[in-house]
Every structure is written in structure tokens, then in C-alpha cells.
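Please read the following account with the sequence and the coordinates side by side. It goes from the single chain to the pair of copies and then to a few individual residues.

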Protein chains: 2
Amino acid sequence: MSNANEVVVRYLTAWNEPDAKRRRELVAKAWTDDGTYVDRVREGNGHDSLDAMIATAQNHFPGHRLHLASGIETHHDYVRFSWVAGGTSETPLYIKGTDFAIIAADGRIKSVVGFVDAAPAPAA
Amino acid sequence: MSNANEVVVRYLTAWNEPDAKRRRELVAKAWTDDGTYVDRVREGNGHDSLDAMIATAQNHFPGHRLHLASGIETHHDYVRFSWVAGGTSETPLYIKGTDFAIIAADGRIKSVVGFVDAAPAPAA
């Protein structure tokens, strides 16, 4: 597959882009036209849907940025990596996830299945 | 989906069965008829192929048994879990892996993509 590091960086950059217009462009660079994302609580299918999904997540976790938190493991067209967000004084809610992606021939992501490794404790 | 714990136990039981006839039966209980497994070094498609793949792995790691080494995380039809094998005086080669599976409606596994988290050091 194309450079997995670049694929993952493009993906995390899209999740982290606060500007709506740039984010939509980055989504189109990260995912194929029919690209998908699904985890327990959110889902996106295609660029508009994925962009709206990320916008909702950004509003839910204001100021959070995803940082790569693992090696990038690949075989065949598959890639696995973990990320963390928050856990800082500015963004105390700490989140950790592992994403399992399938990469298309053009180096964009065809599908992502996300699993949450750590999530904020429910409000008391 | 059907009980994910049962799905994973059936799957690990198939990997661990030393008797060829019983292993073939357990493979058919664990995977759908067109079920697949793929990791960096091995691949199986359908029951005969999956059974032969497991037999080869058993011969490569004699006496090793896979033990569940994580929670079993599921959402939609997806399941993620990690396993360990070896690391004992009888089977010193230690292996750890994480499997991502898709579960079919009948509770059997449709596909598994495996990633190695720890593998034996190459012989000096």
C-alpha cells in the first residue's frame, strides 16, 4: 500500500482541522469517495457524512486533538494504530482509541472501524 | 450479535484443538463456510483452508495454546480481542496478537484480520 504513515497522518489531520472548509477538503484526501467510519457511537458514509461526523465530535470534545499513540502496523491493505486526545489542563477529558482501517489502491482510507480504549468517566 | 464471548471461545478452541478431526469440526463451528483469516504471515479461506492454516501454525508452535488476554470489545458486528500463547517453561516462545473479527448473523465468524503484538525474537 502507499505509505501508511502518510495515510494515518492525513486521517488524523482531518479529525483535527477546526476550519470547516479545510476540514472538508482534508476528509476528501483521507477517505475514498465512498469511505466509511464506524465506532460504537458514531458513523459516517461518504465525505459529507464523515465531515459532519467529525464536526459533531469536535463540538462534543472542544479543543481536543488526536495524537498518534502507537506504532502504525500494516499488512496487506490493513492498518492498525491507536490515538489519544485530551488529558491536558486545557482539555482534561482523556480519550484513547484504536482504529482499524482498510486502505484503497489510491492511498485513501476505504473504511475505518474504531474501538475506544479509554473514555471519560461519566459525570458524577 | 450473538454472545461475543461464545464466539471468541469457539474461535480460540478451534486454534487450540490438537486432534485433526475435532479441529476441523471446531473450525466449521467457529467460521462461516466462506470464513476467512489473514495476518501478516498466514491466510485461510473457507473451512479446509482455515483448518490447514491452523494445523501449520500448531506445527510451527508445538504445544502452544491461545489464551484470551483482553476484554472482548464489540459494537455492531465487530469484535476485538487479544490473545497470548507460550511464555511458559514448556512453550517458551511467547506470542501475543490482537484479532479484529466480523461476526455473521448465525454467530460464526465471517472474517478475521490478525495483528501480532509480540513475537519471538529471531534466533541469534
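What follows describes a predicted model, beginning with the fold of one chain.

Chain A is built from three helices and seven strands, and, read from the N terminus, these elements follow one another in the order α-α-β-β-α-β-β-β-β-β. The radius of gyration of chain A is 14 Å, close to the 14 Å that the globule rule gives for 124 residues, so the chain is as compact as a globular protein of that length. Along the principal axes, the C-alpha atoms of chain A occupy a box of roughly 45 × 30 × 20 Å.

The packing of the chain can be described in terms of burial and contacts. Of the 124 residues in chain A, 48% are buried, a class that requires a relative accessible area under 20%. When contacts within chain A between residues at least 6 apart in sequence are considered, 43% of them join residues at least 24 apart. The accessible surface of chain A amounts to about 6200 Å², and carbon and sulfur atoms account for 54% of that area. As for charge, chain A carries 13 positive and 16 negative charges, whose mean positions are 2 Å apart.

The relation between the two copies comes next. Chain A is superposed on chain B by a rotation of 180° with 0.0 Å of shift along the axis, at an RMSD of 0.0 Å, and the two copies are thus related as by a two-fold rotation axis. Within chain A, the C-alpha nearest this axis belongs to Phe100(A), at a distance of 4.1 Å. Because 100% of the interface residues of chain A are also interface residues in chain B, the copies meet through the same surface.

Gly63(A) is located in the loop between α3 (47-60) and β3 (67-68) of chain A, and its relative accessibility of 61% places Gly63(A) among the exposed residues, for which the cut-off is over 50%. The C-alpha atom of Gly63(A) is separated by 28 Å from that of Ile103(A), a residue 40 positions away along the chain.

In the loop between β4 (73-75) and β5 (78-85) of chain A lies His76(A), which has a positive phi of about 50° although it is not a glycine; with 41% relative accessibility, His76(A) counts as partly exposed. In chain B, His76(B) is found in the loop between β4 (73-75) and β5 (78-85), where its phi is likewise positive, near 50°, and its relative accessible area of 41% makes His76(B) partly exposed.

Key: Residues are numbered from 1 along each chain as its sequence is written. Chains are lettered from A and ligands numbered from 1 in the order in which they are written. This is a predicted model: local features need pLDDT of at least 70, side-chain atom pairs count only at pLDDT 80 or more; totals for chains, interfaces and linings use all residues. Side-chain values use heavy atoms; hydrogens and water are left out. Helices (H or I, at least four residues) and strands (E, at least two) are DSSP runs, numbered from the N terminus. The radius of gyration is taken over C-alpha atoms; the globule rule is 2.2 Å times the number of residues to the power 0.38. Buried means under 20% relative accessible area, exposed over 50%, partly exposed in between (1.4 Å probe, protein chains only). Contact means heavy atoms within 4.5 Å. Accessible areas come from the Shrake-Rupley method with a 1.4 Å probe; for residues, only the protein chains shown count as cover. Lys and Arg count as positive and Asp and Glu as negative; His and the chain ends are not counted. The place of a charge is taken as NZ of Lys, CZ of Arg, CG of Asp or CD of Glu. Copies are superposed by least squares on the C-alpha atoms of residues with pLDDT of at least 70 in both.
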